[in-house]
Amino acid sequence: MATIDVDSLRDKVKAMYQAVADEPHGTFHFEMGHDLAVRLGYPTEGLVQVPREAVESFAGVGHHLGLAALTDGERVVDLGSGSGMDAFLAARQVGTSGEVVGIDMTDAQLAKARRLAARDGFGNTRFEHGYIEHVPIPDGWASAVISNGVINLCSDKAAVFREIARILAPGGRMAISDIVTERQLTEAIVCDVNLWASCIGGAMQHQDYRAAIEAAGLQVAVARDNPEYQFISDSAQGATADFGVKSISVLATKPT
């Protein structure tokens, strides 16, 4: 695959997701908010238990928390936690004896998530600045790692999966939703930071994506398409038609 300037990519992604945090009702190539979450499979009774502002800025691509099957007392890391909707839902599921750490590189998202956590009493949840290729979490700390629509934005996906394997405890699991392709993207698309930031340019072919997960030492248990997720801009819809760009959810485990 062609290379891309990592610093330019990060700057572009940060700018886009600052807008997602600050202007959730703005115009984007993707849907956001409560109606999207419900269509993807999030139970409405859970959404009313987390901050409304976090739901408004939700820009995920699937519902992976059902695959995660979180239980009381577990420790969870949310990679690319954004304004915190998934992290807050996870916090409800693991209870006060559990812990959730959200990792994000965008200051506006972190500030919003931290403000909402403090305001609404999510004492078992914290949000830390970091990059998902270098997660500020100790080895073997997490019972589960979750992520929603973020890994495709990273230029080194193999490094992300190695980090997930590192921070998971033996027997722990990864439950993620992300964007992949059925066919290889062109070099022009891959080298365009705007298309990367739009969740198109960095999408990996699905068989290579699975191979990267397995190369990190994780065992894929479930891999399913999310046809409920649809891009809304003309360019994104065109990529979907030309290259089979789609949303998937994956559950993988770390051997004991």
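Is Ala69 buried, exposed or partly exposed? Ala69 counts as partly exposed, because its relative accessibility is 48%. Buried would need under 20%, and exposed over 50%. Keep in mind that this is a predicted model.

- Ala69 is found in the loop between helix H5 (65–68) and strand S1.
- Ala69 is not a glycine, yet its phi is positive, at about 50°.
- Most residues other than glycine have a negative phi.
- A positive phi also turns up at Gly95, which follows helix H6, with a value near 75°.

**Helix H6**

- Eight of the ten residues of H6 are buried, so this helix is largely enclosed by the rest of the structure.
- The buried residues are Met85, Asp86, Ala87, Phe88, Leu89, Ala90, Ala91 and Val94.
- An α-helix has 3.6 residues a turn, so residues three or four places apart point the same way.

**Aromatic pairs**

- A pair of aromatic rings is described by the distance of the centres and the angle of the planes.
- The structure holds four aromatic pairs.
- One of them joins Phe88 and Phe122, with 4.5 Å from centre to centre and 45° between the planes. This pair is tilted.
- Phe88 sits in helix H6 (residues 85–94). Phe122 sits in the loop between helix H7 (107–119) and strand S3 (125–129). The two are 34 residues apart, and the pair links distant parts of the chain.
- Phe88 counts as buried because its relative accessibility is 0%.
- Phe122 also counts as buried, because its relative accessibility is 6%.
- Another pair joins Phe161 and Tyr209, and this one is edge-to-face. The centres are 5.2 Å apart, with 85° between the planes.
- Phe161 lies in helix H8 (residues 157–167) and Tyr209 in helix H11 (residues 206–215), so their pair ties together parts 48 residues apart in sequence.
- Both Phe161 and Tyr209 are buried.
- Phe88 and Phe122 also belong to a cluster: together with Phe127 they form one aromatic cluster.

**The cavity**

- How many cavities of 30 Å³ or more are there? The count comes to one.
- About 510 Å³ of space lies in the largest cavity.
- The largest cavity is lined by 36 residues. Gly80, Ser81, Gly82, Asp104 and Val150 lie nearest its centre.
- Which helix gives the most to the lining of the largest cavity? That is H1, with six residues.
- Several elements each supply at least two residues of this lining: helix H1 (6–22), strand S1 (75–79), H6, strand S2 (99–104) and strand S4 (142–148).
- The lining divides into 17 nonpolar, 14 polar and five charged residues.

**Ser247, a buried residue**

- Ser247 is found in strand S8 (residues 246–253).
- Ser247 is buried, because its relative accessible area is 2%.
- Where does the side chain of Ser247 reach? It reaches the backbone oxygen of Val61, at 2.5 Å.
- Leaving aside neighbours within four places in sequence, Ser247 is in contact with Val61, Gly62, Asp178, Ile179, Arg224, Asp225, Asn226 and Tyr229.
- Take Asp225 from that list. Ser247 and Asp225 are 22 residues apart in sequence and 6.0 Å apart in space, C-alpha to C-alpha.

**Thr256, an exposed residue**

- Thr256 is found in the segment after S8.
- Thr256 is exposed, because its relative accessible area is 88%.
- Which residues does Thr256 touch, not counting residues up to four places away in sequence? They are Pro170 and Gly171.
- Thr256 and Pro170 are 86 residues apart in sequence, while their C-alpha atoms are 4.4 Å apart in space.

Definitions and conventions: Residues numbered from 1 in each chain as written. Predicted model: local features only at pLDDT ≥ 70, side-chain atom pairs only at ≥ 80, totals over all residues. Heavy atoms only, no water. Phe/Tyr/Trp six-rings, centres within 6.5 Å; stacked < 30°, edge-to-face > 60°. Helix = DSSP H or I, 4+ residues; strand = E, 2+ residues; numbered from the N terminus. Buried < 20%, exposed > 50% of the residue type's maximum accessible area, 1.4 Å probe, protein only. 1 Å grid on protein atoms, 1.4 Å probe; cavity = no way out; pocket = protein on both sides within 12 Å on 5 of 7 lines; lining within 4 Å. Points joined across faces, edges and corners; volume = space filled by probe spheres on them. Nonpolar A, V, L, I, M, F, W, Y, C, P; charged D, E, K, R; others polar. Polar contact = N/O pair within 3.5 Å; in protein donor to acceptor, adjacent residues only side chain to side chain. Contact = heavy atoms within 4.5 Å.
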